[in-house]
Every structure is written in C-alpha cells, then in structure tokens.
Amino acid sequence: MAYEEPVTDYDKIVENCTCAFCGSNCDDVDILVKDNHVVGVRHACRLGASKIMEDEDQRLTVPMVRDENGELVEVDWDTALDKAAELIAGSVRPVFYGWSETSIEAMKPGLELTELVGAVIDNQATICHGPTVQAVQNVGYPLMTLGEVKNRADMVVYTGSNPMNAHPRHLSRYTTIPKGWFRKRGRFDRTLVTWDPKYSDTAKLSDIWVPFEENGDYAFCNAIRAVLKGKKLKQDVISGIPKEDIYELTEKMKKAQFGALFFGLGLTHTLSKQRNIDIAIQLVQDLNKYTKWVLLPMRGHFNVNGFNIFMSYEMGFPYGVDFSRGYPRYMIGETTTIDLLNREECDVFMVIAADPGAHFPGGALAHLANIPVIQIDIHWGPSTELADVVLPGTFIGVETAGTSYRMDSVPIFMKKAIDPPETCREDEWIVNELLQRVKKLREASK
Amino acid sequence: MTYIEKPSISNVVKFEDPDVAKVERLTVMLNTGTDIYQGACKKRGSTLKDEYRKVAGVCYMDPKDMAKLGVGNWESVLVKSDWGEVVCYAAHSRDAPHEGMIFIPKGPWANVVVSPETYCCSDPTYKGIEATVEKTDKEVLLMADLMRDVYKKYVKEGEKTEELPSLGEIPVYKKIARSK
C-alpha cells in the first residue's frame, strides 16, 4: 500500500459529521472541505472515507429519461418529474423500493405517495435482515445499545458476519478494542469469538474461531442450547465441531459477565433463514438464566434500521408493506420485493437510494428489464443501466442534513458539510414533488 | 488510497503439486457477501470502471482448487449454477484454506449465479449454492456490458450483445446543449 501525504490544503474542517455508510453510523468523522469539495476525511474507515470522497465521474448530476433508442437523454426537472409521475399514476402494482440510504425526512412523503397510489413500500431489509425482523417478531429482541457493550462486555461473539470487511470500525469503536467503564484495559479484558465457516478477516483477529460447516449454524446453536439445558450431546461431531469444543465454549459463555452476540447475513442468507435467527435469539434468552447476554443484528446501510423503525411506528409493519387494498398489509413472501419480482407482479418499479442492479439476484432482476424503472440516486450504478427515468438526489450526511437510526436504534442527526451540486435536488424534495404531481394527475382523471 | 487497480492477493498457487489431480470442471459451493474492496468501490460510485470488475467480478478460490483447474491469479473462469453462468477472474482467497468453496463478492457478477428463491422468506438465497467452475478464454465483462449482456433491456431484436461495442467506463448520455 502506497504512502499518501496527509491533506493539508483545505479551507475548513467540518467536525463530528456522521458517516453515511454502514449501520455503525460513526458520528466522529471530520470532513476537510476546499471550495465546496470534500478533499479529505479523518477518522473514517476505508469504506466511509471512500463513500464521502465520492467518484465525481459517476455522479448523477442531471435528470435523464430514456428515448426510443434506449439511450439516456438529459432533460429538465419538470419533464423528468412529469414522466415519473405519469408512470406511477398509471401503474396498477407499483413497488417503491430502497429508502435505506436516505433520511427519515424523505421517507415521510414517500409513505404518503405509497398510500395515495396503493403501492408496495419496501427497503433493503427485504434482501438482508428481513429474516431477522421475522425472528424478532417470533421470539423477541434482547437488545442493548452499543455503549453498553463498550462499557461492560467481556465476551463478544460475531457470527455470520465479517465486521472487518463490512463494518470496519465496529470492533474499534463499539465492541472489542475501546476501553470501557468496567473494561479498563480494553481489548485485553475481552474475549473475541467468531463463528464462521470462513477464516474471515474478523476470525483472524479473534481469540476463538469456531469454523462450523456451511448451513451448520442452526444445528450448532441448538447444540449449545442443549448443553445449556444440561443435556448430553449424542453425536461426537456437530456441524463439523467436536462436542468437547461445544462443551468448553458453552462453559465460557456461561462464565462471561456480560456477553454480546452480533450476527450478520451469514445467518439470514443460508437455507434456514429466519429459523437461524430464532435459534440465536433463543440461545441468548437461555444464556440469560446464567449471566447477562444481549444480541444485535449487524445492519448494513446507515438507515436501514431507520426505515424499519419508521414504518413500524407509522404503519405497524417493518417492511414490505402493501397498500393495494387501501390499508396496510404485510405478508412475508407475498408483499416483499423479491417475491413480487419473481412472480412478475409489479408493473412500475421506483428505486430510491438503493442499487437493486448490484444486489438483487438475476432471476428477480430479469423482470426489471420488462417494466419501467424510476431511479432516484446519487451515482450512476448497475441500476442506472436498467432505469428509464433517472432523478439525481443529494448525498445525505455530506450535502444534506437528515435523521438516521444506528443499528442499535439510536437516532442520530447527520449534519451537512458542503452544498449539493446546483442541478441536484434533495430526496425529500423529489419525493414530495412526485407526490404533488401524482395527486394532480389523479384529480384530473376523475 | 482512493483508487486501487486491483485487490492485493497472495500468489502461492502450486501448479505442480503432486497431491492435486487436474480436473476440467470443479463442483463447488458458492458463497457471496460483502468484501471491503467491493464495498469501497461500490459506495464510492466507481461501478462502471475497470476497478469494479477487479473487485466484484472476482471468484476467490482455494489455491488447491486453482491448481486443480490450472488457473492462475487474474485468469478467467466460468462459474455456472442452475440460475446462470458468468465469467469472473480467479484469485487466491485470503481466507484460504476452504477447498470446495468459492467466494464471489456481491455485485452484478454474483447476481447472475445466485438463487432468487426466497422460500417465502423475502430473502433470496445468496449463500451455499451449488456451482461448477471451469477455465475459460472469455473476457470478464465491464459492469455496463454485463448488465446489457445479461438483462438485454435496451438491446434491439436481432442484435447480438457480444458484437456490440463496449459501453465503456464513463457514463454515456445525450447532454442538452447549454447556451451561456
């Protein structure tokens, strides 16, 4: 890795900005600004810094609409918004997907628009921690805030997640490395455990690595539960782990003063899906008979949790909410985006602050090639290759202020550091404008 | 460190390993997920660039598996599953050993071969998919070309995507001529 000179040529430092990348929402990031451009970032991890120091070549700066040749053509805001509003107003089964990389403020008009047209509103939880939300509804949520883990935890377990790659500051800022009130020596006072089939970058840092088999999470967690309940294990090897090791690990977990279990998509994306999480949550419940244990899903985007909280608060359901009957309905596997696309049900797809082109399986994306797609985003990405109307938004946390929820459900106000490009508009403004235009079209057609 | 040409990977593939029997096609378990290089490149927005194909269009393999197929770092492999096939770069996994398992970071390349099946749980199956890997001479496509090749949304009837010119590494759209 080449050495880079520190950035010294800047006008001002905007201190304590919130990083708009992962669910850790680090709120100690300093942004170095020169001529209304970000020239440097301090305290952020590689991921956060790269997002804040965005690639300006691929920034979406102007509204665009596809012409009959399939080429994107720059248009003015009125034309693009009218075209998008027309598509939405004329649709039968629209899906509004995304929302996790924008602010709570933008979700509000979005929900109003969803109700007005009877659409389905869904966010990235549908392809990441959806099963977690279902499991939480099944068996409960022994939750904490990250500050508690920092000050108290002496055992930290990561399973099915690789925070050194996906949440690089999670260990150093919240869980393992920092010194806490009851953990004066920081890392030395804590045991870091990783349960992962792969020798991941987090496993390399851990004190204990438990390499259970692929798809072996369910049996492994169940074995620990059995041992906790005083049962003898009948098999010698469970999910690739010798039973002696399971007895030893269980004993260690029982003896911890305060344990925290963090789990990621390794659990939700394998075959048992929400049942994996069910069992992980029940494991934590069982451990609480002996000592204090808590758990937390490692949420990906900085506001993916915010959408679930916002929707639960407003509508009573966390994601995949269908308004086609005029009232909110929520049924996993029925009103969720991937299922709607697999069944080729939706006829207009609006994607806001998300990139299905990069993250949906090809089988689901194939339907996006058949229907009009409206994109509200800041960068030209894989979704732009499938989009018919492109509306350039602004960058929350750098160019626009807004509220987001951290993975442990702590709301954080993200301030702005620079002004947005002149031709871009805030997500909130765009969604509101769409709402007003759809309302007008609806009234005119009455 | 804003841009990288490609991720740094180790290079210890032993093609002459006597324990390794050469095979044409390898049956493996495919995992996808995030990776720090992919995350940094994707969220910066550099998805059209060559860098993205070098960080997301990569099949991280165990060195023994690479020796079995006879592929070196940054050579092309064809990954096939029940849902599609895609050409990726082979690369030495930094999490090795994990014989019989490959890892493709999430992105347009992985999407082609993962399962859209949600089993009524909203979440597609991105991990633990049966796949085969074989050596190929084909080039790994840039993101825009891959999206055109796979989904063919704006390809006219009768046009063959492999014969069309590349869409390149910068956004292409018709701009309005502005009077000053």
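1. Let's start with E117(B), which sits in the loop between α4 and β6 (129-135) of chain B. Helices (H or I, at least four residues) and strands (E, at least two) are DSSP runs, numbered from the N terminus. This is a predicted model, in which local features need pLDDT of at least 70, side-chain atom pairs count only at pLDDT 80 or more, and totals for chains, interfaces and linings use all residues. Residues are numbered from 1 along each chain as its sequence is written, chains are lettered from A in the order in which they are written, and side-chain values use heavy atoms, without hydrogens and water.

2. Beyond its neighbours within four places in sequence, E117(B) is in contact with K273(A), D123(B), P124(B) and T125(B); contact means heavy atoms within 4.5 Å.

3. Now for the two chains together. Their contact takes 84 residues from chain A and 59 residues from chain B. Between chain B and chain A there are nine salt bridges, each a side-chain nitrogen of Lys or Arg within 4 Å of a carboxyl oxygen of Asp or Glu. K153(B) and D388(A) form a salt bridge through their side chains, at 2.9 Å from N to O.

4. Among the elements giving two or more residues to the side of chain B that touches chain A are β1 (25-33) and α1 (36-44) of chain B. With seven residues, α1(B) gives the most to that side.
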